[in-house]
Amino acid sequence: MKVPPDFKYLRTYTLDEYYEKANQLSLPLIISGGTVAVLMLKNRIIRPEAVIDISQIPELNMLKIDKDDVFIGANTKLYKLKNVLPNDSASELIVKSASTIGDIAIRSMGSVGGNVCLGDPSNDLPVALTAIDAQAVIGKKDGITYTPITSFYIKPFKTILNKGEILLGVNYKMLNGYRTSYKKHFINFLDHYVGIVAAIAKIEENTIKDFRMAMAGEAVGKPVKFDLSEFSKVDEIKTIKERLFDYVNTIHVENNRFGTANYKKKVLYTLISRAIDEVLKF
Amino acid sequence: MKIKLNINGTDYESEEEPRMLLVDFIRDVAGLKGTHVGCETGSCGACMVLLDGMPVKSCLMLAVQAEGKKIITIEGLSEKNGLNKVQKALSEKKALQCGFCAAGFSIIGTWISENEKNIDDKKVKEGLAGVVCRCSGYDTIIKTITEVAKNE
Ligand SMILES: Cc1cc2nc3c(=O)[nH]c(=O)nc-3n(C[C@H](O)[C@H](O)[C@H](O)COP(=O)(O)OP(=O)(O)OC[C@H]3O[C@@H](n4cnc5c(N)ncnc54)[C@H](O)[C@@H]3O)c2cc1C
Ligand code: FES
Ligand code: FES
């Protein structure tokens, strides 16, 4: 039986209470749903002085829709997204991504904040959020900052969050009339994804008006973003695919227990190809 | 610290360390041994319970996180006059063999039949994805739960 190490447990009910406690402690661990935090504790990957439970802080449980601006509070449970988000295409991509996470029990425990903050390249939401140019809303004692999701990750398992800071939620603009596609390839041990691809595109009168794609996964590392501006003179799908395949060829992919570099690159070509065929077919 | 939980309608209050897992509270404090411990990593579903009506894996949760919530275990699914519809069907169709996975399939099967609409095989398979059975080959389990859920 795996038992976590001893720790102090602090339940916080307000953000101020969180900031006060988090700044006093040298090594606190935030816990929201706990699906990863409890696992890390049980495996003694971390031995925090205290676990700070943020699940009762009302600001983190909010969903705000203001014109075309959507804010999803960090504690929002993954299973809830499909019922609470608006009907636009950006939200559709988030729902597609969230619905592939674990199983219903994991989605009913796991939160948006936990999915975004771990920084595991296998996490789903960061890829969808990168594709739609979402922002991380970060809270600290002296105010709130907004950071593009693309700048939120420093490297695998490392985000820009500093001691005493917290992810309040994510924020994005609704997009209407887009097509969306979400693809990932699972490696059946250790719950790892070789590659994850999210794509969103707008096509009008046989012209690509907007095309954004993000990828991550074990082969890629932290999420990377592409948009149509990189293909300014290109309106052929074949060329877009080739450019993305070229990108895959430039990244350093390791041979390891998840597969050979060659295999992982082929997985990425396939995911990219399928996602593009779905969103850019005329 | 004092941990207060309501399990199957009964209040339990006990002085425990915050590191105690929910599954250990259920088994060792409440003495309800129908919730099993398998993989301990959230993959097998042997420890599945309902928490405020939603399925959760109790090996991935601290007991203190469930403070003030209502928990239903496999024992709590049973009705006054015996097993509930899903449990009865799993038993009658001999869908399970050793029964180690019974808590997972009974809990999630009941949740699917009470909450999912327009039931089909695909929905049931998706719902059951978080529970592992090492004996049965799944076929009868899927058919049995689909049948019960369609008749709800
Ligand atoms: C069996 C299994 C299958 C899974 N499958 C998938 C999958 O397919 N795809 C996927 O993406 N993930 C998967 N996960 C991982 C996990 O369940 C999800 O990422 C989930 O969203 C985590 O949310 P949580 O609330 O449980 O996080 P927690 O465990 O509470 O926290 C996770 C991390 O984020 C930090 N954190 C949480 N909230 C905040 C915040 N507001 N501000 C700052 N830091 C914060 C915590 O300190 C911790 O380091 C799986 C996990 C399991 C056990
Ligand atoms: S013991 Fe909890 S999921 Fe396997
Ligand atoms: S019947 Fe033995 S594990 Fe399912």
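Chain B splits into domain 1 (2-74) and domain 2 (82-150), with bounds taken from an automatic or database domain assignment. This is a predicted model, where local features need pLDDT of at least 70 and side-chain atom pairs count only at pLDDT 80 or more, while totals for chains, interfaces and linings use all residues. Residues are numbered from 1 along each chain as its sequence is written, chains are lettered from A and ligands numbered from 1 in the order in which they are written, and side-chain values use heavy atoms, leaving out hydrogens and water.

Within chain B, the C-alpha centres of domain 1 and domain 2 sit 21 Å apart. Here 19 residues of domain 1 are in contact with 13 residues of domain 2 (contact means heavy atoms within 4.5 Å). The two domains bury about 1200 Å² between them, 70% of it from carbon and sulfur atoms; buried area is the accessible area (1.4 Å probe) that two parts lose on being put together, summed over both. On the domain 1 side, His36(B), Met48(B) and Ile74(B) supply 43% of the buried area, more than any other three residues.

Turning to the two chains, 27 residues of chain A are in contact with 28 residues of chain B. About 2300 Å² is buried between chain A and chain B, with carbon and sulfur atoms giving 64%. Of chain A's share, 23% comes from Met1(A), Ile104(A) and Met109(A), more than from any other three residues. The rule finds 1 salt bridge across this interface (a side-chain nitrogen of Lys or Arg within 4 Å of a carboxyl oxygen of Asp or Glu). Lys57(B) and Asp103(A) pair up in a salt bridge at 2.7 Å, N to O.
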